[in-house]
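Here are my notes for you to read alongside the model. Have a look at the picture, then go through the points one by one.

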Amino acid sequence: MSELEEFGDESSEEVEVLTAAEVLSKLEQAWADEKFAPDLLEAKTDLVECMLEQINEMEENIQRAKRGDFKVSLHRMEIDRIRYLLSSYLRCRLMKIEKHTTHILEQEQMRKEEENSRLSPEEYTFAKEYQASMEGHFKNIALRHMPPNLQSLDPKQTAVRPNLDSYVFLRVAEDTQGVLVEEETVDTGEEIVDLEKGDQHIMRYRPVVPLVASGAVTLI
Amino acid sequence: MLAEKALELIRELQRSKDGSLPPYNEDGVRQVLEEMRALFEQNQKDVSATVEGEKGLFSGVQLRHAALERNKRCLLAYLYNRLEEIRKMRWEFGSVLPGEVKYNMCEQEVQWFGKYNKMLATYMRSIGGVGGLDLTQDMKPPKTLYIEVRCLADHGEFETQDGNIIVLKKNSQHFLLRSECEHLIRQGVLEHMVH
C-alpha cells in the first residue's frame, strides 16, 4: 500500500493529515464491509496498525499540550472515535472467527500459496486456540463417554458456516460489466447485470464476493 | 421415549434465551450418556445376533442408531450454546465472573472460561505490536467525551487519568471521562445518566 509508506515518511503537517484521513476512510469502508458481509473478509492489518500508531502519536501530542486547552478535548474526541472504529472492526472479525472457526480454518488450509490469508497471524493463533478449546471441552464432557463409533466430531455436520446466499445492500464504486447473478436453470435463463458506478442494489452476497474483495462494490 | 432426556436439555436452553445461564444440568447430561450406552450395547448384541444368522433385527438397529445420533447432536448443542452464553459473559462482565454465574457453571466450563480469557487477552495484547488494544472497551460509539454518571454502589476511591482522586459513594453523581468509567458502568457500579 503505497500511501501508507508515504505517510510514514512524510513529516510535513499538511500531508500527514491528508493521508491519515485517507487511511481512516479506508478503514471506515473496511469496517462497514466487514459488518455487513456474512463471511470473513481479508484482514486489513496495515490499516489497523497504521491507525493505531496514529492514535498513539496523537495521545503523545496531547500529553505535551497545555492543560485546559480547547483543542485537547477535540483531539481526545477524535481519538475516542477512531478507537471505537478500530475496536468495533476487530471485534466484528473476532465474532465471525468464533462463530465460523472450523469453516475459516478449513478455508485457510485450502488456501493456495499465492492467495492472501483472510486472517492476520494473531487472528490465526486465536482461531486455532479457540477451536482446540471448544473441541477439548466437548471431548472432556461428552464425546469420550459416548460409544466408540460416535466419539468423533464430523466437521461436515457440526461446522457453522456463513450463509453466502443472504442478501446485502451494496453501492457500486467501479463500473463492472456482466455480473452473473443467477446461474441458468431448467426453468429460468441466466441473469446478468451490469453494475454502474453509483448504483445501489440489494443482491445475493455470493455473486458479488470477488467484487467486495476487490473494492469494486462497497456494502452499505 | 427415546432421546427424551436430550430434548429436555434443549428445552432448557430454549427457556433461558433471555441471556441468563441456568444451572449446568449434570444429571441430564449423565442420563443422556447412559441412554446412549444402553442403546449401543443393545445394538451390539443385535448385530452379533444378526451375524450369527438371526433375522429381522436390522430395523431396530437402525432406529437405535438414529436415536444415538440424535442424542449426540442434542448434547453437543446443549454444551455449545452454554459456552456461547459464557463467552458473551466474558464481554459483559470482564475477566472475573460474578459468583452466582459461576455457581451455575460446571467445572469444565469454568476451566474453559479461564482458557478463553487467556487467549482473548493474548490476542488483544498482540494487536498492532505495541501495547495492543482492549477490545472490550469502546463498546458503543462515543457521543461525548465526558458523561454524567451516578453511583449505584459504594466503590471506594477512583483515580482519574489526570491524577485526581474521587470517592465513588452510592448515589453520588460525577462527571467523568467516558473511556475511564465505561467498564464500571458495565459492571453495574455506575449508571449513565441520560437527560
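**Notes on the two chains**

1. Let's start with a pair in chain A: Asp80(A) and Arg83(A) are about one helical turn apart because they sit 3 residues from each other in helix α4 (residues 70-99). Helices here are DSSP runs of H or I with at least four residues, strands are runs of E with at least two, and both are numbered from the N terminus. The two residues form a salt bridge, with 3.7 Å between the closest N and O atoms. That term means a side-chain nitrogen of Lys or Arg within 4 Å of a carboxyl oxygen of Asp or Glu. Over all chains, the search finds 21 salt bridges.

2. Some ground rules: this is a predicted model, where local features need pLDDT of at least 70, side-chain atom pairs count only at pLDDT 80 or more, and totals for chains, interfaces and linings use all residues. Residues are numbered from 1 along each chain as its sequence is written, chains are lettered from A and ligands numbered from 1 in the order written, and side-chain values use heavy atoms, leaving out hydrogens and water.

3. Now the domains, whose bounds come from an automatic or database assignment. Chain A gets domain 1 (1-98), domain 2 (100-162) and domain 3 (163-220). The C-alpha centres of domains 2 and 3 of chain A are 30 Å apart.

4. Over to chain B, which is split into domain 1 (4-126) and domain 2 (146-192). Their C-alpha centres lie 41 Å apart. The C-alpha atoms of chain B fill a box of roughly 85 × 40 × 25 Å along the principal axes.

5. What does chain B contain? You'll find 6 helices and 5 strands, in the order α-α-α-α-α-β-β-β-β-α-β along the sequence.
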